[in-house]
Amino acid sequence: MFSSTYFKKVAAVLVIPVTLMIPLHSVDASTQKFPDVNKGTIYYEPIQAMSGKDIVNGYTDGTFGIRDYITRAEAAVMLARLLELDTDNATAVPFEDVDQGKWYAGAINALYEKGIINGVSENEFDTYSNITRAALSKMIVNGYELQMVQENSLPFTDVDEDEWYMSYLEVLYSHELISGVTTTTFEPDSFMRRGDFALLSYNTENKHGGMFLELEEAIATSAYQLQLNFSNGDTESIHLEEPLDIGENTRTFEYKQETFSETVTFEIPQPPEVSKNNSLVNEAYNYLGVPYLFGGDTPYGIDCSGFTRLVFDQAEEIYLPRTTDQQWQVGQDVEMEDIKPGDVVFFSDTYREGISHNGIYIGDGRFIHASSTQGVTLSYLSSPYWEEKFTGVKRFDDLHLPEEEAVVSAASQFIGEVPYQNGGTTPEEGFDTTGFIQYIYMQAKGIELPNNAAAQWEVGEEVAKEDLQPGDLVFFQANYLNPAIYAGNDQVVHVTPSKGVTVTNFKTSGFWGPKYHGAKRLVPEDILTENEGSEMQ
């Protein structure tokens, strides 16, 4: 017999304990369709649910025929319905005993095309013969693409480990989908009965399909995340492209090829009174519940430094370096007695030596951070673990880009908005490294620069690194000369192939820092004089 996984209590006839599930499809006794399928038996729920979806049907006399055998053609039709295969457009099978004008042909064609079934020979499907328990097991495993969960020795003494069916039985047994006819026998060559087929296919669809799924609850764990709890015990977290609004939200999503629509209520947990008007803290709270992802810096998944970087970018347009140790190198040191909401707390020797974790202080001794075990969450600085690892506090107010400087202001509007485009000279088409510089200086100061880095280097007055001012032109020597716009505090706005228009702190960057080549200051009057001189020659 096949395991009755949907019962809250295991029927006494079951010989192998299985994981229990809440019924997925509540059926009232008044809706009983078949007089030979009694409520309270292990077959009632599967047959009622599957007949309700037109997967299985009864006989003309109104009975289902639980003990009757099922043919290979009937099994093919029912499985194709469960898998929702296209039975109208599949290529005809090569089997001579499959009449393409019959009711079963489309199902056999579709299953064969997907590699789920084969024939008893190259030319014969054995259409009207009863299907064996072993053959049906193979169809189920192939149809649902099941893999071994955990290897366990089968308790059946009547199965041969060298037979073709052995691996399929082991997979089904590992998923707790089959038990035996007795405690020690499976009878692989016996014919499958209609009731047992309904039980096995229903339980498999419950665990691995979506036809009978019901969404019991959708919980907003953050503005970007929903936790979905299904009636079969599945729990799934999904990411939302658009954040939830405060209050009721109706969202539609797909799970296991089924479409669900649910109304959820989203309420942002309120920060402490001391930080309720702090833009950084309020932005950080939007990401509570977002899962941890090493190297992640989006609401799909995020790590600690990616989280602080994203929050400062979105709330204050402050562009922090990417890693915790790089972020530790910038900003202002803050004494613990002067800490305030929005400051960043740093920790050492967590998953590696040195500065390795950080979070945003929210007040009342707590901070919000991306934890490797809990995702974005709240923690107390006074907890033994974080107290031991605590290293210091930084404030990043001085890293705002100087919008009052015309060149920096013109450049900053394209940060994260315009991609790299080889040969690009406008925001509409994208920028390359020199095209960006040429466009910005013309827009901001009316300075017409050549579209060539080497030629741009020849323009203007050379400036020492310690004398740099926002709006100066900085050059880096990589495989070729790369120009950038200095934005103060060792930051430059420039174009890279991977990020488009972006901000980099070249002091902390292991790539750009060593490649610093020099800087030029461009004054319109000087450029005009140079151009006039060139024309007079």
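Predicted model: local features only at pLDDT ≥ 70, side-chain atom pairs only at ≥ 80, totals over all residues.
Me: How many helices and strands does the protein have, and is it compact or spread out?
Reply: The protein has 14 helices and 21 strands. Its radius of gyration is 34 Å, while the globule rule gives 24 Å for 537 residues. The protein's value is well over that, so compared with a compact globule it's more spread out.

Me: What box do the C-alpha atoms fill?
Reply: Take the box along the principal axes. The C-alpha atoms of the protein then fill roughly 105 × 60 × 45 Å.

Me: What share of the residues is buried?
Reply: To count as buried, a residue needs under 20% relative accessible area. Of the 537 residues in the protein, the buried share is 51%.

Me: How far apart do the centres of the positive and negative side chains lie?
Reply: There are 33 positive side chains and 83 negative ones in the protein.

Me: Where is Q326 found, and is it buried or exposed?
Reply: Q326 sits in helix α9, which covers residues 324–328. Its relative accessible area is 17%. The cut-off for buried is under 20%, so Q326 counts as buried.

Me: Which residue has its backbone oxygen 3.2 Å from a polar atom of the Q326 side chain?
Reply: Leaving out residues up to four places away in sequence, Q326 touches P321, T508, S509 and G510. One of these supplies the backbone oxygen at 3.2 Å from a polar atom of the Q326 side chain, and that's T508.

Key:
Residues numbered from 1 in each chain as written. Heavy atoms only, no water. Helix = DSSP H or I, 4+ residues; strand = E, 2+ residues; numbered from the N terminus. Buried < 20%, exposed > 50% of the residue type's maximum accessible area, 1.4 Å probe, protein only. Polar contact = N/O pair within 3.5 Å; in protein donor to acceptor, adjacent residues only side chain to side chain. Contact = heavy atoms within 4.5 Å. Rg over C-alpha atoms; globule rule 2.2 N^0.38 Å. Lys, Arg positive; Asp, Glu negative; His and termini not counted. Charge placed at Lys NZ, Arg CZ, Asp CG, Glu CD.
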